[in-house]
Amino acid sequence: MLALLGAEASAAVEASHYRQFWLWAGVRPQPVLQQAERLYLHQGEIGPLDARQPVRFQGQGIAPSKLPVKELWLAYRVERLDWDETLLKSLTNQLAAWQRKGNEVRGVQIDFDARTHRLADYGDFLRQLRRQLPADCAISITGLLDWTRTGDVATLNALAGVVDELVVQTYRGRRTEPGYARYLQALTRLTLPFKVGLVQGGEWDPTWESRLADSAAYRGAVVFLINPPGA
């Protein structure tokens with residue numbers, strides 16, 4: 001058991017072993033994307049963090065086109081939650097543009113690092129967003145490891161029917177969080193559908209995938225693709 005919790009049990013994340021990926025702006029497409037079943041495609045940033053400035057949407061990433069994936073999610077890096085009608089219109093316009101190209105667009109993913117003690121406030125925002133988005137637009141959110149270990153798991157589980165999935169990131173930036181395994185057992189308390197997010201080439205003990213699979217809410221792993229060194 002102790003070995004499972006140690007970094008020595010980890011191996012480098014090999015993207016070819018997976019079928020769900022993030023492709024962020026600035027990251028070059030890789031051949032492994034040919035096997036993608038689900039792609040979370042970065043399409044913009046919502047900020048800035050300074051609340052004294054007006055909130056704005058900054059589009060990023062590739063333009064709408066037909067992609068060879070079964071299911072597409074449009075992902076947005078979010079720094080603040082005071083969204084206005086103009087911003088919401090930008091999101092729904094992007095969804096429609098990707099759908100017109102013949103893609104199966106499942107919904108949007110919100111990448112927002114809510115503080116653990118403010119999860120209830122974040123939940124209120126997500127409930128409002130659910131009312132504002134088209135009914136057929138699913139919502140995915142990313143989450144921090146700490147959310148389930150020291151946060152209120154009941155608050156997350158109460159998002160069922162509002163949020164379609166939670167993807168808990170085991171990395172920060174382009175590196176695996178040190179001691180990530182200490183947080184994983186707490187994920188089994190989730191009834192909200194969840195996945196784990198891994199970073200390509202980062203540390204990961206794959207035995208956790210079979211252990212998490214004992215939870216009926218577990219939906220697999222998503223790999224954050226990165227450019228190879230020197231690219």
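Modeller: Let us begin with Glu 165 and Lys 195, whose side chains meet in a salt bridge at 3.0 Å, N to O. The term denotes a side-chain nitrogen of Lys or Arg within 4 Å of a carboxyl oxygen of Asp or Glu. Glu 165 lies in strand 8 and Lys 195 in strand 11 (residues 194–199), so the pair ties together parts 30 residues apart in sequence. Strands (E, at least two residues) and helices (H or I, at least four) are DSSP runs numbered from the N terminus. This is a predicted model, in which local features need pLDDT of at least 70 and side-chain atom pairs count only at pLDDT 80 or more, while totals for chains, interfaces and linings use all residues. Residues are numbered from 1 along each chain as its sequence is written, and side-chain values use heavy atoms, with hydrogens and water left out.

Colleague: Are Glu 165 and Lys 195 buried or exposed?

Modeller: Buried means under 20% relative accessible area, exposed over 50%, and partly exposed in between (1.4 Å probe, protein chains only). Glu 165 is buried at 6%, and Lys 195 is buried at 3%.

Colleague: Which residue forms a salt bridge with Asp 113?

Modeller: Arg 77 does, at 3.1 Å from N to O. Asp 113 sits in the loop between strand 6 (105–111) and helix 2 (119–132), and Arg 77 in strand 5 (residues 71–78), 36 residues apart. Asp 113 is partly exposed at 32%, as is Arg 77 at 21%. A network of salt bridges links Arg 77, Asp 111 and Asp 113.

Colleague: How many salt bridges are there by this rule?

Modeller: The count is 10.
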